[in-house]
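Grab a pencil and have a go at these exercises. Try each task yourself before you read its solution.

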Amino acid sequence: MDTTPHIAVTGSTGALGSLVAKNLADRSIAQRLLVRDTARAPQLPLATASAFDYADRAASIKALEGIEVLFMVSAPECDHRLDLHATFIDAAVAAGVQHIVYTSFTAAAPDAEFTLAREHYATEEYLRSSGLRFTALRDSFYQDFLPDLVGEDGVIRGPAGTGHFAPVTRADVARTAATVLASASEHASATYE
């Protein structure tokens, strides 16, 4: 069994990334957990932790050395999110990463009404221009996050007009991500809504 990690997981201390890391561990797949604070990294079989930050190109390059496939959870929402994504993707290229599996957003498009979907589309385009193989996992809103969006009147409001949407659980996304990471070459250039 190869215990050298060729897969790296960002966000492994967060809600989604921790589930992806656990799914990979359950499959006995070696992985490197990319975290800001290695003391907070989950203790998983065949997992090592490396410090990185989306904004720190040098630390990211070092953390990604030897990695072939990268699970990239999108950076937190902020005014410079696209810059963070570009810096990190550039670091992945410089480190020799071959494939990025990116958590995008459903209906990502340049003209999407929802700002978040436009940002994710821009990141997908940056990935396309990077020369790396990539897979976009276009998740919908996380079902386990929906209770936080309910207003005092019991209504969830968003940019869907009178339309409907299909939320997804983080656990389902994590299982999908682990499957894609385990056989990334089979999912190159794929976009999964």
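**Exercise 1.** Find what the buried residues of α2 pack against.

*Solution.* Start with the ground rules: this is a predicted model, where local features need pLDDT of at least 70, side-chain atom pairs count only at pLDDT 80 or more, and totals for chains, interfaces and linings use all residues. Residues are numbered from 1 along each chain as its sequence is written, and side-chain values use heavy atoms, leaving out hydrogens and water.

Step 1: pick out the buried residues (under 20% relative accessible area, 1.4 Å probe, protein chains only). In α2 these are Ser 60, Ile 61, Ala 63 and Leu 64.

Step 2: see where they point. They sit on the same side of α2, because they cover an arc of only 165° around the axis. Ala 58 and Lys 62, on the other side of α2, are exposed (over 50%).

Step 3: look for partners. The buried residues pack against β1 (7-10), β2 (31-35), β3 (47-51), β4 (69-72) and α3, with contact meaning heavy atoms within 4.5 Å.

**Exercise 2.** Work out how the axes of α2 and α3 cross.

*Solution.* Step 1: the axes of α2 (residues 57-64) and α3 (residues 81-95) come within 8 Å and cross at roughly 45°.

Step 1: among the residues making the contact are Arg 57 of α2 and Phe 88 of α3.

**Exercise 3.** Decide whether Ile 89 is buried or exposed.

*Solution.* Step 1: locate Ile 89 in helix α3.

Step 1: Ile 89 has 0% relative accessibility, so it counts as buried.

Note on methods
Axes are lines fitted to C-alpha atoms, for helices over the stretch in contact, and angles run from 0 to 180 degrees between N-to-C directions. Helices (H or I, at least four residues) and strands (E, at least two) are DSSP runs, numbered from the N terminus. The arc is that of the directions from the helix axis to the C-beta atoms.
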